[in-house]
Amino acid sequence: MKLLKIHEYAISEFEEKHNVTVYHVIYTNTSFGKLLNYMYVSNNQDEWELDIDDIKQGYALVYVNNLSDDNCSEFGSIGIKNVFGGLIRTA
């Protein structure tokens, strides 16, 4: 439970710093680190339609928080897929 609180704090800091709202997080364990993929939406409503189109195409705008190496954390997009009612990262 303590680890969860640390991640909640990190997400809150991220939201405040970048003026966004994180709506989902996908955990991925990869060969280059343990990743928290923050799926977020900008507070700029003009971008929402593009975000929705991306999601329909199976991609999402994210911030990848690399828990193993913070220097490898970055903004980008990832492939996503609905599996058993949840989301997984595909790329």
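Visitor: Let's start with Tyr63. Which strand is it found in?
Guide: Tyr63 is in strand β3, residues 59-66. Strands are DSSP runs of E, at least two residues; helices are runs of H or I, at least four; both are numbered from the N terminus. This is a predicted model: local features need pLDDT of at least 70, side-chain atom pairs count only at pLDDT 80 or more, and totals for chains, interfaces and linings use all residues. Residues are numbered from 1 along each chain as its sequence is written, and side-chain values use heavy atoms, with hydrogens and water left out.

Visitor: Is Tyr63 buried or exposed?
Guide: Buried, as its relative accessibility is 16%. The cut-offs: buried is under 20% relative accessible area, exposed is over 50%, and partly exposed is in between (1.4 Å probe, protein chains only).

Visitor: What does Tyr63 touch?
Guide: Leaving out residues up to four places away in sequence, Tyr63 touches Phe14, Leu36, Asn37, Tyr38, Tyr40, Ser73, Glu74 and Phe75. Contact means heavy atoms within 4.5 Å.

Visitor: And how far apart are Tyr63 and Leu87 in space?
Guide: 16 Å, C-alpha to C-alpha; in sequence they are 24 residues apart.

Visitor: Asn37 was on that list. Which side chain makes a polar contact with the side chain of Asn37?
Guide: That of Thr28, at 3.0 Å. A polar contact is a pair of N or O atoms within 3.5 Å; within protein, one must be able to donate a hydrogen and the other to accept it, and residues adjacent in sequence count only if both atoms are side-chain atoms.

Visitor: Where is Thr28 found?
Guide: In strand β1, residues 20-30. Thr28 is buried too, with a relative accessible area of 17%. Beyond four places in sequence, Thr28 touches Gly33, Lys34, Leu35, Asn37 and Arg89.

Visitor: Zooming out. What pattern does the protein follow along the sequence?
Guide: α-β-β-α-β-β-β. That comes to 2 helices and 5 strands.

Visitor: What is its radius of gyration?
Guide: 13 Å, close to the 12 Å from the globule rule for 91 residues, so the protein is as compact as a globular protein of that length. The radius is taken over C-alpha atoms, and the rule is 2.2 Å times the number of residues to the power 0.38.

Visitor: What does the C-alpha trace span?
Guide: About 35 × 30 × 25 Å along the principal axes.

Visitor: How many of the residues count as buried?
Guide: 30% of the 91.
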